[in-house]
Amino acid sequence: MDCWSLSLPLDDEFEKLVNRMNPPRVTIDNDSSTKATLIKVDSANKRGSLLEVVQVLNDLNLIIRRAYISSDGEWFMDVFHVTDQRGNKLSENDVAERIQQSLGPRARSFRSLKRSVGVQAAEEHTTIELTGRDRPGLLSEVFAVLTDLKCNVVAAEVWTHNSRMASVVYITDEATGFPIDDPDRLGKIKQLLLFVLKGDRDKRSANTAVSVGSTHKERRLHQMMYADRDYDRDDLDCGSTSDRRKPLVTVENCADKGYTVVNLRSPDRPKLLFDTVCTLTDMQYVVYHATVIAEGPEASQEYYIRHVDGSPISSEAERQRVIHCLEAAIRRRTSE
């Protein structure tokens, strides 16, 4: 048995020990600001903590007006200025508890968010993941195939960007209403859907798969489109996106501090912070400090990042890749 196979359980146990010794502390402050509720999060720093917190705020449909993030060291300290969808301060009392649960020792391991292979039946449905070239009528063809195969489509979400498509589809057996777990039937579903996705125009390899475990839907869509390289600019249709709505992303190194500084300006919209933090995390960067201001029509985000190995961005090719990936992360949710 190699050392790597032993290190994962030990890392998990050490992480649980740290969380028990230093449980996350979440406080809700409705007094310091007249316009927003302040959510303050202090916890032991671990990889993915920022994304987990932002993901919870995203799932609660909260609007993040400002954010101040610091995790340079063993401790993670963030302050979020949030409102509800109508611009009002919060009145719910369970926000702190939900964030604490997301960071606590019983929370799902960060590693589980990355697994995606084969086909897996979830507790209530089977989740199919599709990526391929976008074209008119594609989803109708996909749903027609599933109907012919006696599958009931419970729900589906689709993102398109740069002529690429990613979709998460939840299905059950039409007759029983239960998840589909028969390997032969799942194999047939995959084969026929792959045939539909490829069509006669897909220059890249289309893919059908299903997430293992209960992954976060929007997180998976980001991962799927990133893996499908929708950020490549070769396939961009000229004039398909208005220049005035194009996000402005700059990436520069701060030599004296050893960080790479990412500045982003974009028309503001809900879930913008989640989309950018998700992308930086999937690209294997760690956010050490950040300031986010989104109190008008335009949002401003500044990140101090390093690669997971502790190094800043070291080449022009890597710098351009970060710019293109962040632009794609912003556009893919807002694409028509």
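The chain of this predicted model contains 8 helices and 12 strands. Of its 336 residues, 45% are buried. Among contacts between residues at least 6 apart in sequence, 71% join residues at least 24 apart.

- An open sheet is built from 4 strands in the order 6-7-5-8, with antiparallel pairing.
- The edges are taken by strand 6 (151–161) and strand 8 (207–209); each has a single partner strand, so one side of each is left without a neighbour in the sheet.
- On average, neighbouring strands of this sheet are turned by 15° against each other, direction ignored.
- Strands of a sheet pair through backbone hydrogen bonds, in either a parallel or an antiparallel sense.
- Strand 6 and strand 7 (residues 164–173) run antiparallel and are joined by 10 bridges.
- Within this pairing, Cys-151 has Asp-173 of strand 7 as its bridge partner.

**Helix 4**

- Helix 4 spans residues 138–148, and its buried residues are Leu-138, Val-142, Val-145 and Leu-146.
- These four cover an arc of only 100° around the axis, which means that they lie on the same side of helix 4.
- The packing partners of these buried residues are strand 5, strand 6, strand 7 and helix 5 (183–198).
- Ser-140 and Asp-148 are exposed, and they sit on the face of helix 4 turned away from its buried side.
- Lys-150 follows helix 4 and has a positive phi, near 60°.

**Helix 6**

- Helix 6 (residues 217–227) lies across strand 5 (126–133), strand 6 and strand 7, and runs at about 135° to strand 7.
- Because 9 of its 11 residues are buried, helix 6 is largely enclosed by the rest of the structure.

- Strand 4 (residues 75–83) pairs with strand 2 (residues 37–44) in the antiparallel sense, over 8 bridges.
- In this pairing, Ser-43 is found opposite Phe-76 of strand 4.
- Strand 4 also pairs with strand 3 (residues 63–70), again in the antiparallel sense, over 7 bridges.
- Here the bridge partner of Ile-63 in strand 4 is Thr-83.
- Strand 3 and strand 4 form a hairpin with 4 residues between the strands, and Gly-73 takes a positive phi near 135° in this hairpin.

- Strand 9 (residues 248–254) and strand 10 (residues 259–267) run antiparallel, joined by 7 bridges.
- Asn-253 is placed opposite Thr-260 of strand 10.
- The two strands form a hairpin with 4 residues between them, and the turn contains Gly-258, whose phi is positive at about 75°.

**Helix 2 against helix 7**

- Helix 2 (residues 49–59) and helix 7 (residues 272–282) have axes that come within 10 Å and cross at roughly 150°.
- With angles over 145 degrees counted as roughly antiparallel, helix 2 is therefore roughly antiparallel to helix 7.
- The crossing of helix 2 past helix 7 is left-handed.
- Helix 2 contributes Leu-50, Leu-51, Val-54, Gln-55 and Asn-58 to the contact.
- Helix 7 contributes Leu-273, Phe-274, Val-277, Cys-278 and Thr-281 to this contact.

**Leu-272 of helix 7**

- Leu-272 lies in helix 7.
- Its relative accessibility is 3%, so Leu-272 counts as buried under the 20% cut-off.
- Apart from neighbours within four places in sequence, Leu-272 is in contact with Ser-266, Pro-267, Ala-299, Gln-301 and Ile-330.
- Leu-272 and Ala-294 are 22 residues apart along the chain, and their C-alpha atoms are separated by 9.5 Å.

How values were computed:
Residues are numbered from 1 along each chain as its sequence is written. This is a predicted model: local features need pLDDT of at least 70, side-chain atom pairs count only at pLDDT 80 or more; totals for chains, interfaces and linings use all residues. Side-chain values use heavy atoms; hydrogens and water are left out. Two strands pair if DSSP finds at least two bridges between them. Axes are lines fitted to C-alpha atoms, for helices over the stretch in contact, and angles run from 0 to 180 degrees between N-to-C directions. Contact means heavy atoms within 4.5 Å. Buried means under 20% relative accessible area, exposed over 50%, partly exposed in between (1.4 Å probe, protein chains only). The arc is that of the directions from the helix axis to the C-beta atoms. Angles under 35 degrees count as roughly parallel, over 145 as roughly antiparallel, 65 to 115 as roughly perpendicular and the rest as oblique. A crossing is left-handed if the near helix is turned anticlockwise from the far one by less than a right angle, and right-handed if clockwise.
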